[in-house]
Amino acid sequence: MSRFEINILGCGAAKPTLKHLPTSQVVNVRDKLFMVDCGENAQVSFCRARLNMNRLGHIFISHLHGDHCFGLFGLLSTMGLSGHTGEVVIHAHPDAEKLFRPLLDYFCRETPFEIRFNAISPSSAEAIYTDRSVTVRTIPLKHRVPTCGFLFEEAEGDRHLRGDMLDFYHVPTYCRTAIKQGEDYVAPDGTVVRNELLTLPPTPAVRYAYCSDTMYSERILPYIEGVDVLYHEATYGDDAEAMSRTTFHSTARQAARLARMASVGKLIIGHYSSRYRDENVLLAQAQEEFAHTQLAYEGMKVVLKP
Ligand SMILES: [Zn+2]
Ligand SMILES: [Zn+2]
């Protein structure tokens, strides 16, 4: 498994088609799994992607439209059957607990793990989760109901040891963990060997921005500036730009324009309206604005760090 990768489980819009499922993704950071949105059928796609349910501890819901959260009950119920232990935290708008708790109490009474809700405020940009490997922040979006995207920022890893220099200075093995974390080496005679002589800088940390349902908004630019990968919804093409405004969605061209303005490494588009039989129309329009654009598809794996 890669150190940082995205698995696309569903990338269609609200109305499912024979080709696409409602929105859901799994971000894998150093073997910890984070689900982003949980549209219907997410649990089946999860298994199809050969992901391990026991590694899933956090689910982030961008907004309370059914195509982003109707898969929760099925998934949580199956996690119970799969022997998941510990805790699952659902990060979502405060209404989520009011809506889902009674249903979970009814259907998932015997779930052998704790289900906890973390109420987030979609209108503010804040860190809502952090551990040694990653921090997750909200990105306020403009949609018909309170909605946010999520920015995954990998923590900087350890420095890389230089074997030749460790040998040269006779650094004992038990000192190496501290040196990887940036400490100098103090030899038995009191000589200080600076860390920069013994190590090379860590591999650069990566960042992934997920922008769920939203109308075109340049206000997100500061949050997505320079990310390695941006996922941005592209529900419509140029033909339906007016409709994108009335439904608070984006066109593929608009998503790509934002990607270009923010100088991101790569853009992945999804949340396709069922009116498009062939999304290559959307891809062509996006690539006119930003060449490094790809279409999302169910089963797609995007590796940010091998
Ligand atoms: Zn949606
Ligand atoms: Zn929506």
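The model is a predicted one, and its protein chain has 306 residues, of which 42% count as buried. The secondary structure of this chain comes to 11 helices and 18 strands, and its C-alpha atoms fill a box of roughly 75 × 50 × 35 Å when the box is taken along the principal axes. Among the contacts between residues at least 6 apart in sequence, 63% join residues that are at least 24 apart.

- Strand 7 and strand 8 (residues 134–140) are joined by three bridges and pair in the antiparallel sense.

**Strand 15 and its two neighbours**

- On one side, strand 15 pairs with strand 14 (residues 207–211) in the parallel sense, over four bridges, and within this pairing Tyr 208 stands opposite Val 229 of strand 15.
- Strand 15 is also joined to strand 16 by five bridges, and these two strands run parallel; here the bridge partner of Val 229, found in strand 16, is Lys 266.
- Strand 15 is mostly covered, since five of its five residues are buried.
- The covering extends to both faces of strand 15, with Val 229, Tyr 231 and Glu 233 buried on one side and Leu 230 and His 232 buried on the other.

- After helix 10 comes Ser 263, a residue whose phi is positive, near 50°.

**Helix 10 against helix 11**

- The axes of helix 10 and helix 11 come within 8 Å of each other and cross at roughly 30°.
- Because angles under 35 degrees count as roughly parallel, helix 10 is described as roughly parallel to helix 11.
- The crossing of helix 10 and helix 11 is right-handed.
- On the side of helix 10, the contact is made by Ala 252, Arg 253, Ala 255, Ala 256, Arg 257 and Arg 260, and on the side of helix 11 by Leu 282, Gln 285, Ala 286 and Glu 289.
- Divided by class, the residues of this contact between helix 10 and helix 11 are five nonpolar, one polar and four charged.

**Helix 3 against helix 4**

- Helix 3 (residues 72–81) packs with helix 4 (residues 95–107) at an angle of about 40°, and their axes are 11 Å apart.
- Helix 3 and helix 4 are therefore oblique to each other, and helix 3 passes helix 4 in a right-handed crossing.
- The residues that meet are Leu 72, Phe 73, Leu 76 and Ser 77 in helix 3 and Phe 100, Leu 103, Leu 104 and Phe 107 in helix 4.
- By class, this contact of helix 3 with helix 4 has seven nonpolar residues, one polar residue and no charged residues.

**His 84, a buried residue in a loop**

- His 84 lies in the loop between helix 3 and strand 5 (87–92).
- His 84 counts as buried because 20 other C-beta atoms lie within 10 Å, and the cut-off for a buried residue is 20 or more such atoms.
- When its neighbours within four places in sequence are left aside, His 84 is in contact with Met 53, Asn 54, Met 79 and Phe 113.
- His 84 and Leu 99 are 15 residues apart in sequence, and in space they are 23 Å apart, C-alpha to C-alpha.

Terms used: Residues are numbered from 1 along each chain as its sequence is written. Chains are lettered from A and ligands numbered from 1 in the order in which they are written. This is a predicted model: local features need pLDDT of at least 70, side-chain atom pairs count only at pLDDT 80 or more; totals for chains, interfaces and linings use all residues. Axes are lines fitted to C-alpha atoms, for helices over the stretch in contact, and angles run from 0 to 180 degrees between N-to-C directions. Angles under 35 degrees count as roughly parallel, over 145 as roughly antiparallel, 65 to 115 as roughly perpendicular and the rest as oblique. A crossing is left-handed if the near helix is turned anticlockwise from the far one by less than a right angle, and right-handed if clockwise. Two residues are in contact if their C-beta atoms, placed from the backbone, lie within 7 Å. Ala, Val, Leu, Ile, Met, Phe, Trp, Tyr, Cys and Pro count as nonpolar, Asp, Glu, Lys and Arg as charged, and the others, Gly among them, as polar. Two strands pair if DSSP finds at least two bridges between them. A residue is buried if 20 or more other C-beta atoms lie within 10 Å of its own, exposed if 12 or fewer, and partly exposed in between; C-beta atoms are placed from the backbone.
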